[in-house]
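Thanks, everyone; I would like to walk through a model with you, beginning with a metal site and ending with a sheet. Please have the sequence and the coordinates open while I talk.

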Amino acid sequence: MANFELAYQYVMRQQGMYQNFFEKGDVSGDQILCSLCFNDEGLRLDSTTIGIDNTSKCINCGKSDGKKLTRPLVRHLCYRFFVRGTIERFEFGGFPLIQMNELRFNDSNIHVSPWLEQDVKLIEQAGEIGLFYYGPRLWMLGEIEPLKSLQKEEEIDSIIERILQIYPVHLLNENHPFYRIRLNPDIPHDSAQYDSPPQGYGGNNRFDDNGEAGLYASPDLELCIHECRATVEDDMFVAKLVPKAELKMINLSAVVREEGVTEFTSLDLAIHFLFLAGKHSYPICSRIAKRIREEGFDGIIYPSYFSYARTGAIPFDTIQGMSIRLLEPLQDFAQAQSVPNIFLFGRPIEDKKVLVYSINKVIINSIKYETSFGPAYHENMINKKNTAEIVANRRKELEDKVLKSFNLPTDDK
Ligand SMILES: [Zn+2]
């Protein structure tokens with residue numbers, strides 16, 4: 001029993017808190033710090049965003065015009081700045097370089113720039129937490145069996161068949177209009193300009209990397225504008241498209257419930273990571289799309305690469321090292337974080353599957369950014385470069401250990 005307790009404590013000390021979710025909106029308690037207590041400008045600005053308006057004197061620094069922070073708010077600030085602010089993306093997946101929890105109170109080990117040293121002490125004491133370098137679980141870096149199989153020629157087809165089996169069909173009809181943006185079209189008022197490029201002229205994009213014709217659209221107009229990477233120099237037009245008949249779509253943005261899987265074997269997580277990955281994932285996505293089209297679907301609903309920028313959610317969200325996508329009570333929450341986009345096969349306007357309902361010019365009047373901050377990396381701080389090294393070593397270590405314990409031959413060449 002004592003051994004279990006020791007082992008449990010050991011594991012928990014390496015894991016982050018998931019306080020951003022369960023303490024959301026909780027600002028209770030005494031106001032112990034204020035935004036002017038900090039040296040670092042990012043911490044000052046972040047705490048001004050989340051702090052409480054109160055003109056009484058700060059009990060820490062004595063100034064009265066800073067936004068006040070209670071203990072839950074100090075923790076929230078810490079999470080926002082040090083955890084969310086150090087999320088690094090890798091080829092597939094990603095994780096925060098720094099984590100925090102109560103078990104590491106007075107036992108932190110991170111390196112920060114000189115102007116942050118005092119701030120870190122203040123946050124740790126006021127929040128009763130400690131900051132430490134996070135050792136990611138390997139699935140966070142794409143060590144997920146179905147994801148690895150999707151990258152292997154001899155295994156990709158069997159995974160695509162599983163995708164066809166477990167992802168839900170979704171029917172779009174005239175009640176589900178969506179938007180399609182064109183930049184600098186030749187004849188802006190001509191419906192045909194809003195169709196897909198002809199077969200063979202596909203856009204080398206997520207689903208048409210192989211030149212297949214296809215049309216990208218979204219029910220979220222702002223996201224459409226963001227995804228087409230327009231600048232103020234462009235003449236931008238938007239068409240509202242309405243399905244003429246029922247469109248049979250496969251919904252790859254769904255959070256799929258799977259029996260008896262872990263993060264390392266979850267197809268749901270593999271697909272989630274695939275759509276959060278950049279250009280190197282396009283050949284895989286295009287291959288999946290081709291097979292879906294052969295099955296008689298009209299198109300694909302998929303999560304936007306910019307979902308997280310749009311919803312402000314945290315990519316690769318975990319509780320104690322487990323993905324929130326695999327925890328049933330949080331699956332609706334995970335679903336709400338993804339913004340669905342639409343890809344239609346072929347040339348749906350010419351094929352009379354969708355109707356161009358109307359066309360408008362789009363004028364960008366202002367651009368608004370919502371920002372938060374993170375630490376600038378200290379020279380001794382773990383960074384993206386040496387994290388890759390650390391992870392490779394850790395993987396080797398684990399593999400050796402596992403192979404030894406099972407006495408299996410290595411397939412590593
Ligand atoms: Zn203060």
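By donors I mean N, O and S atoms within 2.8 Å of the metal (3.2 Å for Na, K and Ca), and since water is not among the atoms, sites may look incomplete. This is a predicted model, in which local features need pLDDT of at least 70 and side-chain atom pairs count only at pLDDT 80 or more, while totals for chains, interfaces and linings use all residues. Residues are numbered from 1 along each chain as its sequence is written, and side-chain values use heavy atoms, with hydrogens and water left out.

The zinc ion takes its protein donors from the SG atoms of C34, C37, C58 and C61, at 2.2 to 2.4 Å, and along the chain these follow the spacing C-x2-C-x20-C-x2-C. The angles among the 4 donor atoms run from 101 to 120°, and the site is tetrahedral, a label that requires, for four donors, all angles between 85 and 135 degrees. C37 counts as buried at 12% relative accessibility, and C58 is buried too, at 5%, where buried means under 20% relative accessible area (1.4 Å probe, protein chains only).

Turning to the sheet, strands here are DSSP runs of E, at least two residues long, numbered from the N terminus, and two of them pair if DSSP finds at least two bridges between them. The open sheet has 5 strands in the order β7-β11-β12-β15-β9, with mixed pairing. β7 and β9 stand at the edges with a single partner strand each, so one side of each lacks a neighbour in the sheet. Further in, β12 and β15 run antiparallel, joined by 5 bridges, and I300 stands opposite F343 in β15.

Conventions. Helix = DSSP H or I, 4+ residues; strand = E, 2+ residues; numbered from the N terminus. Tetrahedral: all angles 85-135°; square planar, octahedral: opposite > 155°, others 65-115°. Buried < 20%, exposed > 50% of the residue type's maximum accessible area, 1.4 Å probe, protein only.
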